[in-house]
Amino acid sequence: MVFSLTHKSRRVACVMAVGMATALVGCSGVVDQGGGGGGEGDEQTWEITQVTVTDKNSVMHPWEEWYLNEVEKRTDGQITFVRTEPNELCGILDAGECLFDGRAQFLTQVPNYQPSAFASMSMPEIVFGSDNLAAVSSAVYDVNKENPDALAYLEEQGLHHVSTLPVGRIVVGTNQPADSIEDLRGEAVRTSGVIVTHDFEAIGASIVNVGAQEAYQAVQSGLATSLAGAMDFPVVFKIGELLPHWSDPGLGNYSEFSMFWDLETWNEFPEDLKTTLTEIEEELNAGIGADLLYDAAFAQCEMLADMENVESFTKWPEESTQEWYDRVGETNDETWIGLATDYGLNNAGGVLEDFRSAVEQYEEEYDYSDAVLDCINGGFEEARSSQ
C-alpha cells in the first residue's frame with residue numbers, strides 16, 4: 001500500500017514549510033508553551049485540523065461531537081479542534097486524502113467511500129448481520145485494537161482508529177410502494193457500500209454511486225429513480241420530498257462512519273494524554289455512541305412523519321427478505337473477504353471471524369433496540385396521528 005509513504009513525505013514538507021513558526025491550519029499544530037524543548041515539565045497544546053463527511057443534522061453528528069467535545073474538555077484545552085464542514089477541505093468521497101497528505105490530523109469518513117484505505121473497519125457493511133448496533137460498534141473497536149492483522153493494516157495506512165459506528169438499518173425510498181425484490185428490479189438505486197451495491201445488482205437494480213450531499217440532485221434529475229440509505233436520507237437530505245414510499249427490506253445495517261487520528265499525530269502525544277484519549281474512546285465504544293445514534297434516529301421518525309410528500313413507512317414481509325437473502329446471503333462473507341484482501345488486509349477471513357465472535361459476546365452484554373424498527377412498529381403512525 002502507498003498511503004503511509006505518501007502521508008509521511010507530505011507531512012515532512014508541511015513541517016518544513018512551517019519552519020520555526022506556530023503551525024498553520026492544515027499542519028500538525030504543536031504550540032510549545034513551556035521552555036522550548038518539549039521536555040518534562042513543558043506544557044504543550046495541539047490545535048488539530050479535523051476533516052469530516054458528517055452533516056451537522058446527521059444521526060452520526062452527536063457521536064462525532066461527543067468525542068471532540070470530550071477530548072477538548074478532558075485534556076483541559078491541551079487539544080483543540082479546528083472543525084470543518086463536509087467538502088470544505090476535501091470532497092466527501094476522498095476525505096481521507098486530507099489526512100494522508102497532512103492537511104488534517106483528525107478524520108471522520110465513511111469507509112466504503114474509500115474502501116482501499118479503510119478495509120479493517122468495513123465488516124458492518126456485510127448486510128443481513130446483527131441488529132445490535134452497540135455490539136457491532138464494540139466489536140469493530142476490539143478487532144482494530146487486538147487483531148494483529150487489523151493493527152498492521154492500520155499502521156500501514158498511518159491511522160489510529162478511534163471509533164466505528166454503523167449508520168443503522170437501510171431503508172428504501174421509491175415512487176411506488178415496494179415490498180419485494182421484484183419491485184426493485186430495473187430501478188436505478190442511489191446507495192453506497194460495496195456489499196449492498198452487489199446485493200442490489202443481484203436482484204436486477206442498477207447503482208448510482210454519488211455522495212450523500214449529491215443524492216437529492218440525483219433523484220430530482222432522474223439519474224436515480226430510488227434511494228437506499230439510512231434515515232438521514234429521507235429526512236436530513238430531504239429525499240422524502242421526492243420519494244413518497246419508504247420501506248425496510250430487512251437487510252439491516254449496510255454502512256458505517258469511522259473516526260481516526262493521523263498516526264504520527266497520535267504518536268506525538270505524551271503518555272498521559274494518550275491515556276485520557278483512550279479512556280474517552282473506550283467509553284464511546286462501550287455503548288455511548290450507539291445510544292446517541294438511537295436518540296438521533298428515533299427523533300427523525302417524527303420528522304419523517306411530518307413530511308407532506310411521504311405516504312408510507314413499512315417493513316417488507318419476512319418471505320421477501322428471505323428470498324433476497326437466499327440469492328446473496330451466503331456469498332456476502334466471501335465477497336467481503338475477497339475485497340478486503342485485495343485492499344491489503346492480510347488474513348481477512350480471520351479478522352472477520354474475530355469480529356463475529358466479538359459481536360456474539362457483546363450481543364449478550366448489550367440490550368439494544370433499533371430506532372428504525374421502533375419507528376416502523378408504531379412510532380411513525382403514532383407521530384402521524386398526533387399531527
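The legends below describe close-up views of one predicted model. In this model, local features need pLDDT of at least 70 and side-chain atom pairs count only at pLDDT 80 or more, while totals for chains, interfaces and linings use all residues. Residues are numbered from 1 along each chain as its sequence is written, and side-chain values use heavy atoms, with hydrogens and water left out.

**View 1. The open sheet has six strands.** Their order is β8-β7-β9-β6-β10-β12, with mixed pairing. Strands (E, at least two residues) and helices (H or I, at least four) are DSSP runs numbered from the N terminus, and two strands pair if DSSP finds at least two bridges between them. β8 (206–208) and β12 (312–315) are the edge strands; each has a single partner strand, so one side of each is left without a neighbour in the sheet. Neighbouring strands are turned by 25° against each other on average, direction ignored.

**View 2. β7 and β8 pair in the parallel sense.** Three bridges connect β8 with β7, which covers residues 188–190. R190 has V208 in β8 as its bridge partner.

**View 3. Helix α13 packs on the sheet.** The helix spans residues 371–385 and touches β6 (171–174), β10 (245–248) and β12; contact means heavy atoms within 4.5 Å. The direction of α13 makes about 120° with that of β12 (axes are lines fitted to C-alpha atoms, for helices over the stretch in contact, and angles run from 0 to 180 degrees between N-to-C directions).

**View 4. A disulfide joins C90 to C98.** The S to S distance is 2.2 Å, and a disulfide here is a pair of cysteine sulfur atoms within 2.5 Å. The torsion about the S-S bond of C90 and C98 is about 105°, so this disulfide is right-handed. The whole structure has two disulfides.

**View 5. The largest pocket has a volume of about 300 Å³.** On a 1 Å grid over the protein atoms alone, a pocket is an open set of points with protein on both sides within 12 Å along at least five of seven lines; a cavity is a set where a 1.4 Å probe fits but cannot get out; lining residues have an atom within 4 Å of a point. Grid points are joined across faces, edges and corners, and a volume is the space filled by probe spheres set on the points. Of the 19 lining residues, I126, F128, G129, S130 and R356 are the closest to the pocket's centre.
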